[in-house]
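Thanks for coming. I have one structure to go through, and I will keep it short.

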Amino acid sequence: DDERMEWWRDAKFGMFIHWGAYSIIGGERGTKIAGGGAEWAMDKLDYTVEDYEKFPQMFNPVMFDADAWVKMAKDAGMKYIVITSKHHEGFSLWDSKVSDYDVMDTSPFKRDVIKELAEACKKQDIKFCVYYSIVDWHHPQAQGNLYPNYNIAQHDDPSVVNPKFPKYFKNYMKPQVKELLTNYGDIGVVWFDGDWISDYTTEMGKELYSFIRDIQPNTIVNNRVDKGRNGMEGMDMEGNFAGDFGTPEQEIPDTGIDSAWEACMTMNGSWGYKPSDNNWKSSEDLIQKLVDIVSKGGNFLLNIGPDGFGRFPSESIRRLNAMGEWTKKNGEA
Ligand code: JFZ
């Protein structure tokens with residue numbers, strides 16, 4: 001296991017990329033602005049499933065350049081990339097055969113984003129990794145029983161369940177995860193999210209974990225594959241809890257953690273592109289966080305939210321450049 005995790009422990013610094021149809025919306029609907037992460041636009045701006053479908057239908061990020069994205073990560077000193085292959089909105093950024101709600105069938109773009117990024121990473125010697133959301137606000141079997149009128153109650157109220165969720169798990173989620181692990185070369189990490197919904201069970205988490213390891217034995221899986229993290233951060237990797245590393249979010253834990261962990265953070269307050277959020281952390285602050293995290297034995301997964309055209313925000317590029325200068329001067333992170 002130590003050998004399997006070696007590249008990841010050595011990597012220290014990676015790029016998180018939150019990109020999807022929500023990147024068109026930027027967290028705004030008329031005069032309403034979504035609080036918090038703009039990748040939650042569908043939920044926070046009260047779109048019905050039907051209303052929201054128009055965004056994947058107009059997803060056409062003609063400025064997307066996988067090689068340039070990967071180069072920006074590499075120049076910043078990052079060693080791996082984790083992209084949202086499918087976030088809670090349910091829209092898939094690859095050519096999925098089990099879904100039409102993907103970049104090939106629903107969008108005019110018709111380019112397999114995951115493929116282009118996987119190839120760019122391979123060329124530039126960066127580990128390619130995927131985020132996959134268990135929560136799916138578009139799939140009728142994954143939603144609560146209010147479909148098609150998506151409502152916050154479905155994931156916040158434990159009494160709202162969808163008896164068909166196991167079907168989604170078996171016939172959609174697992175086949176999608178299998179596609180990602182079969183068609184895009186080596187997958188460094190599968191980074192799950194959305195484990196909190198009531199329909200998801202710890203049995204499913206354990207099944208998913210071994211399912212992944214059976215397909216690609218060396219793939220690393222985060223703790224959100226299982227259920228019942230202690231608090232949301234769930235650093236306790238004891239016992240038979242599935243997953244290879246903990247995922248404290250927007251915080252740096254104290255020293256003395258034996259298990260592997262990775263702190264993920266945003267540069268402003270949003271994971272998805274949100275032009276109204278100008279609450280940017282300074283480059284100095286981000287460099288200090290990197291040092292702090294690495295000195296405590298963790299990895300730093302720093303997020304970028306590209307816009308609907310496929311551009312990194314200039315504020316993010318500036319910070320990546322500053323971090324690159326620092327990592328070059330001070331050796332490897
Ligand atoms: C989730 C997502 O809902 C969010 O959009 C983003 O993708 C983020 C990386 O993950 O949100 C979370 C997940 C976990 C915690 C908080 C928000 N947590 O552990 O405190």
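Predicted model: local features only at pLDDT ≥ 70, side-chain atom pairs only at ≥ 80, totals over all residues.

Residues are numbered from 1 along each chain as its sequence is written, and side-chain values use heavy atoms, with hydrogens and water left out.

The ligand first. 15 residues surround the ligand, and the closest are His 18, Glu 39, His 87, His 88 and Glu 249; a residue counts if one of its heavy atoms lies within 4 Å. The side chain of His 88 has an N or O atom 2.7 Å from a ligand oxygen. For Trp 40, a polar side-chain atom lies 2.9 Å from an oxygen atom of the ligand. On its own the ligand has 440 Å² of accessible area, and the protein covers 85% of that (Shrake-Rupley method, 1.4 Å probe).

Next, Ser 270, in the loop between β8 (262-265) and α11 (283-295). Is Ser 270 buried or exposed? Ser 270 counts as buried because its relative accessibility is 2%, and buried means under 20% relative accessible area with a 1.4 Å probe, protein chains only. A polar atom of the Ser 270 side chain lies 2.9 Å from the backbone nitrogen of Ala 38. The backbone oxygen of Gly 272 lies 2.6 Å from a polar atom of that Ser 270 side chain.

Last, Val 62, which sits in the loop between α5 (54-57) and α6 (66-75). Val 62 is exposed, at 55% relative accessible area; exposed means over 50%.

Conventions: Helix = DSSP H or I, 4+ residues; strand = E, 2+ residues; numbered from the N terminus. Polar contact = N/O pair within 3.5 Å; in protein donor to acceptor, adjacent residues only side chain to side chain.
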